[in-house]
Amino acid sequence: MLTEALIRRTLRVPRAAPAPDGVEDAGGAAVAHQFDVVLLSAGFRATRDLLAHLSALPAPAALDLASTAVRALRELVADHVRHTPYFRDFPENVPDTVEFWLERLAELVTTHGPPPAGPLNLLALPGYGVPQHTHADVLAAHDELIPSAKDRLTTIHLGRSEPEELAALYLTLATSPTPLTAGDLDLLGHLAESHLDGPHPEHVPVRENRAVLNAARLGAGLLPDVDTTKDVLRLACRASGGDATLVRPTRFRSFRRAERRLLLTALDRVAADPLKLTDVAAHAEPWKRLAERLHPHEYPTLPHAAEVFAVARGDRAAPGLASRVERALATGSPARAAALLSSSPGALARSLDRLLRLAVPVESEVDSIVAALRDHVGDVSGRVLCSLREHLANRSTPAPARLFATRRRTAWFTPDTRPPLPEPLLAEVTALLDEEITRRLPDHPVVLFDPDVLDVALPLSGKAAQDGFAVLPRGSRTRLDLADGEVLRLFAHWRQERLVTDYDLSALLLDEDYAYRGHVSWTNYRDEGGAVYSGDVTNAPEGATEFIDLPLAGLDAHCVVPQVHRYSGESFDQAAEALFGWMQRDRVQSGAPFEPRTVRTRSDLRDPMPTAVPAVFVRDGDGWTAVWTHLHLNGSSPFHSVETTGDIARKVAKALVERRSLTISYLLDLLRAKGSLVLPWTGEAPGSDTPPLYVGLDRPENLPETAPTITRENLNRLLPE
């Protein structure tokens, strides 16, 4: 399991033990050749070093390593399952929507006689919801895929030994400067259990990552590493299988006596400082529920731990910073609030917009707030600095509506009633932020970059992305290289765990004003512009897939908003598997509805909200651009569809397309201003005594081994410390 996860996460295959000395023909050459052929069929290409390594292995070892890599990579692009559309010949011979329903009604009357009087459940009509053909029938109905020069070809590299690769991945995840995705967080948990003896990260900047490591320590009977009371609460949530971010309620499990003592001992040490009690009241209910599991009254030698629960019950007062700040603001003194927040520079940065809005009428108050930021900006984390810089870049004019994306990736809106901040003030603060961010960027004499990475949004949080293949952070823009006759094919696949589950793929078409132009879904199979839907599958015990073809060049729309709806059954986080992606192909290529080498991206759907909006596609000049959204919506009906979510989906599309995200291009410009030689990658590294830093979506094959790289898997490492 860990080996496959390692390959999917890093696109590197770990080295296996070489053939014994004296063995001239290890037998791996034939395996290497077959491996190369299979990889190409799935859109991957092995480097020369990887093929040479396989060739030098004994045949059984080579076969084992190659099989593991193929399984991992096929799953990465959703090629590990069979994709069977409802209509066998899709995208050809898809009937008109009304014609299709009339056929279903005719079959009902023919086989069962006239239906009884009263409402008729169309979804229960004979032949609806389950393909009437096998996957083999689908393959037989389609010609072989014709290879194209535009087919995706992702390079797979040879890594170090498996223990070395796992240790490096463990340290990379543990020391991530931004929160991890759900999949990476679970992977970190598995790695932490196997690395308790080392190596250990010197610093774990993200609290929920620390909770994962502490859960492994707790399970091994070791004292957890905590320095706030909230760290202990996060640990208890993680150890109970709950949410370490404290966003969702956790049902605490029963802890063993040894675990209770470790948790309370750690809590007692932290709570010995009375200032550590100030954040307890904000999570009073979880603390009270945890007390029922830890039995603090049984440990009279740990009195400070008992004080934590006294604060949670309200028996002891411990006013926090937030309440003191609110009192200062209530008395009309934003400068006083800024002075209080100076003890927590991160909170000062996050509150800056609000403080400045309240202080703008009084110049001295504004000066005091900016001075407080200038004095403490060096203590604000790089991620918060970049987040504030992005926020201020969108504050010169009011937005049509304010979009809030929560940690659970849900979207909600409120009118933007904030007055714009004055341009001179914005310029002063952004210059201050730019200066500090530049100061923190590392010194690299030469920086090489892939132009495709310039419009990638800075990964300020793993919550703004999903696990998957070629997935980019929310706000990133990917130019689609679609010529006339080429088609963007969306796909959604799911497999139910226990309940009959019906997901629906749809595409909402919008005009230049983001008003409704049309849609394709199970309620409308075809659009006049050529978009076509593959048919509705309503039961997925073995997995189900739905497709939508979008001939973007001829589509009469300015914006397309794909959505995956849970119509009934299990939510995305309960299903055994749920994913979304898109392919890019020319119609003359023919081929089966799903061809892995044409897959451009695949993202997991693992959130409880009923409608996923992974990305939107917007017309950009004479072409189209994908804008990553990674958001989930709630509809106005228990049966979610494009008709019930259309209004909020239009707002999401407009808000994210028009928002200016901070991108990799911004940091490269700062590096250039700092004195680095920043050059586009041309396929060969320039001569230099110091290896260049490479920034791109994937690591190129000809890059020197010693060159540090920033790619999709570790883009957050480019953020200032």
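How far apart should the ends of helix H7 be at 1.5 Å a residue, and how far apart are its end C-alpha atoms? The 13 residues of H7, 162-174, should span 18 Å, and the end C-alpha atoms are 18 Å apart, which agrees, the expected span being 1.5 Å times one less than the number of residues.

Before going on, this is a predicted model, in which local features need pLDDT of at least 70 and side-chain atom pairs count only at pLDDT 80 or more, while totals for chains, interfaces and linings use all residues. Residues are numbered from 1 along each chain as its sequence is written, and side-chain values use heavy atoms, leaving out hydrogens and water.

Now to Arg566, which lies in strand E14, residues 559-568. Arg566 is buried yet has no salt bridge, and the nearest side chain of opposite charge, Asp573, is 7.4 Å away; a salt bridge would need a side-chain nitrogen of Lys or Arg within 4 Å of a carboxyl oxygen of Asp or Glu. The side chain of Arg566 does, however, reach the backbone oxygen of Gly569 at 3.3 Å, and Arg566 touches residues including Asp502, Tyr503 and His640.

Finally, an open sheet of 6 strands runs E7-E16-E15-E9-E13-E12 with antiparallel pairing, two strands being paired if DSSP finds at least two bridges between them. Strands E7 and E12 stand at the edges, each with a single partner strand, so one side of each is left without a neighbour in the sheet.

Definitions and conventions:
Helices (H or I, at least four residues) and strands (E, at least two) are DSSP runs, numbered from the N terminus. Buried means under 20% relative accessible area, exposed over 50%, partly exposed in between (1.4 Å probe, protein chains only). Lys and Arg count as positive and Asp and Glu as negative; His and the chain ends are not counted. A polar contact is a pair of N or O atoms within 3.5 Å; within protein, one must be able to donate a hydrogen and the other to accept it, and residues adjacent in sequence count only if both atoms are side-chain atoms. Contact means heavy atoms within 4.5 Å. Lists of a residue's contacts leave out its neighbours within four places in sequence.
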